[in-house]
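Me: I would like to go through the terms used for this model and see what each one rests on.

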Amino acid sequence: METILTIKNLNKIFNKRVHAVKNVSFEIYKGNVYGILGPNGSGKSTTLGIVLNVVNKTSGEYQWFNGDLETHDALKKVGAIIERPNFYPYMTAEENLKLVCKIKGISYTKAQEKLELVGLIERKDSKFRTFSLGMKQRLAIASALLNDPEILILDEPTNGLDPQGIRQIRDLIKLIASQGTTILLASHLLDEVEKVCSHVVVLRHGEMLYQGSVDSMLSSEGFFELKSENNIVLKQTLFKHNAVDTIKEEEEKLIVYLKENLEAKELNQYLFENGIILQHLVKRKNSLEEQFLELTNNK
Ligand code: ADP
Ligand code: MG
């Protein structure tokens, strides 16, 4: 798999006190859609700012395209929108894009192509100031794609949009991804990441809590809630079972997380054969939302 970006033990401390990014490491491979998910203030924008060379890192490393290019040249193959879209208000959509083409030395034909892609071709002669926020955002995406970058980076791409605008942007991101462009987006919205991304990095207070595919997060094996007369013996017996990952004590119950599938019936039988009679047994499956809340709140 082709590596687009490698981040290793990245740290950012603002003003010697705010530890905004803590030892974050992850890799981005070509063709996937990555989400950096975390509540406000968790370090998403700072992480993006560092790899885009607009925020200075405190320590750690990052490397674009296996380090084959200097950061300056590598960033020419990166399209990014990290601020509110800003174009000339009295110029049309097409004029604005052509200006970008001119500045970057790109053929003007790209303006037309990208306006079509983002669904703004019919509005190409409208002035930027007449655009809704959603249209402005789509124009910004068109602009970022003019030079056919390897990766598109978006920071909170649907912030402030109405439901229709949100849907259009999400559909557009999926369309762009389906054409082979790698995508990295930051979002505080779990359902956005769930709907749009194939992979997720979860941040909280700058710390990476989870990294992996959205699917494997969704298809997590779930957990049991168990209770018996003697939870100490219960716990010891559970740990001997191959499917058991970790055990958490909660009030009178044991919360048993699994590393592989295990049916309630099988577990009950196993415990019974080991002399344990349960007073309580429930199997539950975390929704991504529950997992996210768990990851971000209870740690
Ligand atoms: P997110 O994008 O996840 O909302 P940020 O990366 O913007 O989070 O911020 C992470 C932390 O770093 C926050 O505590 C924020 O206040 C702090 N921070 C961000 N930028 C600066 C800055 N320029 N100076 C000082 N602190 C900052
Ligand atoms: Mg942010």
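Me: Why are H3 and H5 called roughly parallel to each other?

Reply: This is a predicted model, in which local features need pLDDT of at least 70, side-chain atom pairs count only at pLDDT 80 or more, and totals for chains, interfaces and linings use all residues. Residues are numbered from 1 along each chain as its sequence is written, chains are lettered from A and ligands numbered from 1 in the order in which they are written, and side-chain values use heavy atoms, without hydrogens and water. Helix H3 (residues 93–104) and helix H5 (residues 133–145) pack at about 30°, with axes 10 Å apart. Axes are lines fitted to C-alpha atoms, for helices over the stretch in contact, and angles run from 0 to 180 degrees between N-to-C directions. Angles under 35 degrees count as roughly parallel, over 145 as roughly antiparallel, 65 to 115 as roughly perpendicular and the rest as oblique. H3 and H5 are therefore roughly parallel.

Me: Which residues make the contact between H3 and H5?

Reply: H3 contributes Ala93, Leu97 and Val100, and H5 contributes Leu139, Ala142 and Ser143; contact means heavy atoms within 4.5 Å. These residues divide into five nonpolar, one polar and no charged. The classes are nonpolar (Ala, Val, Leu, Ile, Met, Phe, Trp, Tyr, Cys and Pro), charged (Asp, Glu, Lys and Arg) and polar (the others, Gly among them).

Me: How do you know that S1 and S2 pair, and in which sense?

Reply: Two strands pair if DSSP finds at least two bridges between them. Strand S1 (residues 3–14) and strand S2 (residues 18–29) have eight bridges, in the antiparallel sense. Isoleucine 7 faces phenylalanine 26 in S2. Three residues separate the strands of this hairpin, and asparagine 15 in the turn has a positive phi of about 50°. Helices (H or I, at least four residues) and strands (E, at least two) are DSSP runs, numbered from the N terminus.

Me: What makes S11 and S13 edge strands?

Reply: The open sheet has four strands in the order S11-S12-S10-S13, with antiparallel pairing. Strand S11 (244–250) and strand S13 (278–284) each pair on one side only. From one strand to the next, the twist averages 20°. Helix H9 (residues 231–239) packs on this sheet, touching S10, S11, strand S12 (253–258) and S13, and its direction makes about 165° with that of S11.

Me: How many bridges join S10 and S13?

Reply: Strand S10 (residues 223–228) pairs with S13 over six bridges in the antiparallel sense. Serine 228 has leucine 278 as its bridge partner in S13.
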